[in-house]
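Let's walk through this structure together, one metal site at a time. Keep the sequence and the 3D view side by side as you read.

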Amino acid sequence: MNIVQCTFCKKPFHSLGSKICPACLEQIDKDFIKVRDYIYEHKHSNIDKIAEETEVKKAVIIHLLKEGRLIIDSPDGDGLLVCEMCKKPINTGRMCKECMGKVASSMDKNVIANKKPEPKPEEPNIKGSAKIGS
Ligand SMILES: [Zn+2]
Ligand SMILES: [Zn+2]
């Protein structure tokens, strides 16, 4: 038996891999529909307003944003979510598009690197004592 504490209600429950108890998952699904419909009608809303109007907990909205189930269309994502790589504000998910692309391409490179290690190109030493503009 694997007993974990629910992220939302802090109650221990028998987990099958989830960190959220079945009761909270059910509630989140209901909240998700409320928030999704609200965002659909009010595209340029912010999270405080959404939480107030839908009576959905902010933590739930942030959870849904992180899961990529919701997207808040505000210019800076309200600063609630930041890219895990470059710390840029994002509207949904865990990484910005640029970093997701980088991660995807670095994974490709790793596959190649495992077969054949790339020799590092040596940087030319351009440091000197000469001053520019003197
Ligand atoms: Zn719970
Ligand atoms: Zn990024």
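C21 is buried, with a relative accessible area of 8%, and C24 is buried as well, at 13%; buried means under 20% relative accessible area, exposed over 50% and partly exposed in between, using a 1.4 Å probe and protein chains only. This is a predicted model, in which local features need pLDDT of at least 70, side-chain atom pairs count only at pLDDT 80 or more, and totals for chains, interfaces and linings use all residues. Residues are numbered from 1 along each chain as its sequence is written, chains are lettered from A and ligands numbered from 1 in the order in which they are written, and side-chain values use heavy atoms, leaving out hydrogens and water.

What holds the zinc ion (ligand 1)? The SG atoms of C6, C9, C21 and C24 coordinate the zinc ion (ligand 1) at 2.2 to 2.3 Å. Donors are N, O and S atoms within 2.8 Å of the metal (3.2 Å for Na, K and Ca); water is not among the atoms, so sites may look incomplete. In sequence, these donor residues follow the spacing C-x2-C-x11-C-x2-C. The angles among the 4 donor atoms run from 105 to 116°, and the site is tetrahedral.

Now turn to the zinc ion (ligand 2), coordinated at 2.3 Å by the SG atoms of C83, C86, C96 and C99. Its 4 donor atoms subtend angles of 103 to 116°, which makes this arrangement tetrahedral. C86 is partly exposed at 38% relative accessibility, while C96 is buried at 5%.

How values were computed. Four donors count as tetrahedral if all angles lie between 85 and 135 degrees; four count as square planar and six as octahedral if opposite donors are over 155 degrees apart and all others between 65 and 115; anything else is irregular.
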